[in-house]
Amino acid sequence: MILEPRFTDDLSGLPTSKFGPSSLTWWGILGYMLIEGVGFALMFFAYFYLMSHEQGWPPEGRLPPDLLAGTIFTIVILLSEIPNTLIKKAARAGDVATVRLLFPIMVAVGIVLLIIRGFEFNSLNCLWSDNAYASVIWTLLVLHAAHLGTDWADTVVLWALIMTPLGYEPRRLVDVDENSLYWRYVWLLWIPIYLLIYWVPRL
Amino acid sequence: MNRPEHIRKEDERLAKERETIARDGPQLTGDELRARLDRAWRRPPGIIGWLATVDHKEIGRRYIVTALVFLALGGALALVMRLQLAAPGRTIVGAERYDQLFSMHGSTMMYLFAVPVMEGVGVYFIPLMIGARSTAFPRLNAFSYFMYLFGGLMLWIAFILNMAPDVGWFEYTPLSGPQYSPGKHTDIWAQMVTYTEVAALAAAVVLVCTILKARAPGMTLARMPIFAWAMLVVGFMIIFAMPAVALVTTVLLIPDRLVGTQFFNAAEHGDALLFQHMFWFFGHPEVYIIFLPATGFVSILTEAFCRRPIFGYPVVVLSLISTGILAFGLWVHHMFATGLPRVGYSFFTAASMSVSIPTGLQIFCWLATMWEGRPRFQVPMLYVIGFIVTFVIGGLTGVMVAAVPLDLQLHDTYFVVAHLHYVLIGGAVFPLLGVLTYWYPKITGRMMDEAIGKIGFWLLFIGFQITFFPMHLSGMLGMPRRVYTYPAGLGLEVPNLISTIGAFVLALAVGLFVINGILSLYRGAIAGPNPWGAATLEWAISSPPPVYNFEHVPVVESHTPLWDGGGDLPVVTGLRVDQKEMLLTTVLTATPDLREPVPEPSLWPFISACAVGIVFAASIFSAWAVAFGLIPCAIALTAWFWPKDMTRKPEPVIS
């Protein structure tokens, strides 16, 4: 440094990890949530833009998607917030044992959801290549499935990490907290998508 | 809470070790501190170290140099087009090649030069200006550069292999759809966009998080350098705009071409105009994503060369923010010729005209700063003046084409070509060259030659006007864009010939800038830390900066710290010296908040970029590439995050 330093404050007592907006990764995740949120918002725009040109929705008098698989999916993903909240609270309380106990549940929930998602694709009553309506609902479902899949993989990796001795590092618990935050985002996103795929075509 | 016995013991041992960690402070400063920080922060040498680096200065420099190479390549294409258009009926290139030329020129300049160079300058200088030792997420930053590089390489390799895109830098459907654009030309373009958007989005997150969380203590939002404000606004604009183009190309257009979705196929209830809406929802903000960093350059240059703090700081900041917001309400003015509801015309005309208000306010603030200050007309300041003159002309033609009747008349003519080059070259390239001259000594330690710089500026300024001013006339005479030749006898010969002559003067000027840059590396005067007597923190450290940027974290007490200090620099201490560590502060008031470990160099961002890049390239040819390619991507990304050292440390280290 070229200018003479004038010492003011010693910061060695500052913590090296905190939950919430103090954490740098919290902001990074927020940034990526915004990016993906804009992507979904534009897909919703595309959906309504295409719909606005049509006399009927679905066009050509096709059947709207069957409700069963999608509705079960919705119920399961909403219920998954219970273990998700528990794991988030345990992480904030520094309770590594409970976090380790709950992680397999979140991983299992992810697998169940991905399986139901498979049935959802089967109940859309159309193929993506049929027409623009079919393309847009398939794409919405695929994009959301991609979020399920990546979050699931992420949860598995974090589970493995939390089982190592490093699981006791406070920063790993911040990771758990933020992973739970992201899961909330994934199921919140699902609610409008569910309405667009299953209910708007029934209006 | 309920930690097992052996963990508790370990906690106690680690707490004891924590007491012994070496930290900077009055007891550890000067040469000893510099030597230890250098050991902790230096990357391994050699090619591995080069690929693994997470130093924002190295990554920023690569970004800038790569973008300038693409500027030269894009410029070379423009020269070929100008040769072709120098006289009517020339046959240097045919129609098909000409289509490729203008598509490559536009795509290269917009995606591979303009946005990346602004982000590169931001990545290099934002941490230095806000007193940080690193950007946030330095590995993401490295990943971003490699993604950008691969996207650019793919486009240009395709050009060499005669697979270049040939339907414009925007690739409208239905022309770019499966029916009218067979082959892989369009897919190459669409995937190049995906690479560069992934890169730009990553860099935007890096910059936003750095600006919000890594500012020096005391640097409240109201004391940030204007350039940091500009990059903050631009970061958010990228986050809101770029997903649109990534979505419309990767998620809608490529599937239409590859797996038979019907988004843009009118015969199957699709709509070609959907493409234009989504494209311009990105495309218009894109212009401001290029322009706002440049206004940030102008603000800091005006400040430094008029030797007074910028006039109307809050006005300039609010102008940046309101331009950023208004930019999202203008996209439809690119679609006036597609037919719109009448109320749509009125709304988007009004919105388009209103965006000139905040920009006008900024210009008056710069003029007031000059009026009140003592301007020194060195090369960077000349570029500021050149910018104001040129940009005002471009802005005025912008207000003209915001009016629907005139737009319908001038749509797709050379008038629009003139307008967009006045605002993009005048509005962004001039300030960029000014700021590169200004920061060159900080990057290299040497000054650029002032005399060559002045000659270069005047050649550039005059060459630019000679090239682009006649295009207003050829446009009003009815010359359409994107057509490879024109007939004789319509009065187009003279303006076109003048434009071509101007283009070569312009190229000469850019060549002079490059030569000056290369010569000055070896022969330039040694700069010293603050050759211009400027006020911001990057000038408080040596030129070029040490790898750790600041040996002690500086404290900021005003908007222009180096002018207002008493010859010393207030600092805070207590950061580690044997491991990489940076300080995080709170978002609004920049109060010290956390000590944050900075990741070690790693090859995994590079490997991840390779894995993702291969998936993108392969997915042009088969949708299955996505399914199979995800596996190496997942492995690489997991390895990126997985700690390489599984023993607990007294304080966190990102290995």
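**Exercise 1. Work out how covered helix α8(B) is, how its length compares with expectation, and where it bends.**

Solution. Of the 33 residues of α8(B), 30 are buried, and the helix is thus mostly covered; a residue is buried if 20 or more other C-beta atoms lie within 10 Å of its own, exposed if 12 or fewer, and partly exposed in between, with C-beta atoms placed from the backbone. The model is a predicted one, in which local features need pLDDT of at least 70 and side-chain atom pairs count only at pLDDT 80 or more, while totals for chains, interfaces and linings use all residues. Residues are numbered from 1 along each chain as its sequence is written, and chains are lettered from A and ligands numbered from 1 in the order in which they are written. Helices (H or I, at least four residues) and strands (E, at least two) are DSSP runs, numbered from the N terminus.

Next, take the length: the helix covers residues 226-258 of chain B, and at 1.5 Å a residue it should span 48 Å, which agrees with the 45 Å between its end C-alpha atoms; the expected span is 1.5 Å times one less than the number of residues. Finally, α8(B) has a kink of about 30° centred on Leu247(B), where the bend is the angle between axes fitted to the seven residues ending there and the seven starting there. Just after the helix, Gly260(B) takes a positive phi of about 80°.

**Exercise 2. Repeat the analysis for helix α9(B), residues 272-306.**

Solution. The 35 residues of α9(B) should span 51 Å at 1.5 Å a residue, and the end C-alpha atoms are 51 Å apart, which agrees. The helix bends by about 30° at Trp280(B). Since 32 of its 35 residues are buried, α9(B) is largely enclosed by the rest of the structure. The residue that follows α9(B) is Arg307(B), with a positive phi near 55°.

**Exercise 3. Describe how helices α1(A) and α6(A) pack, and what kinds of residue make the contact.**

Solution. Helix α1 (residues 24-52) and helix α6 (residues 170-199) of chain A pack at an angle of about 5°, with their axes 11 Å apart; axes are lines fitted to C-alpha atoms, for helices over the stretch in contact, and angles run from 0 to 180 degrees between N-to-C directions. The two helices are therefore roughly parallel to each other, a term for angles under 35 degrees, whereas over 145 counts as roughly antiparallel, 65 to 115 as roughly perpendicular and the rest as oblique. Among the residues in contact are Trp26(A) and Phe40(A) of α1(A), and Tyr182(A) and Pro192(A) of α6(A), contact meaning C-beta atoms, placed from the backbone, within 7 Å. By class there are twelve nonpolar, one polar and one charged residues; Ala, Val, Leu, Ile, Met, Phe, Trp, Tyr, Cys and Pro count as nonpolar, Asp, Glu, Lys and Arg as charged, and the others, Gly among them, as polar.

**Exercise 4. Find which helix gives the largest share of the side of chain A that touches chain B.**

Solution. The contact takes 55 residues from chain A and 64 residues from chain B. On the side of chain A, the elements giving two or more residues are β1 (4-10), α1, α4 (96-122) and α5 (132-163). The largest share, 14 residues, comes from α1(A).

Note on methods
Contact = placed C-beta atoms within 7 Å.
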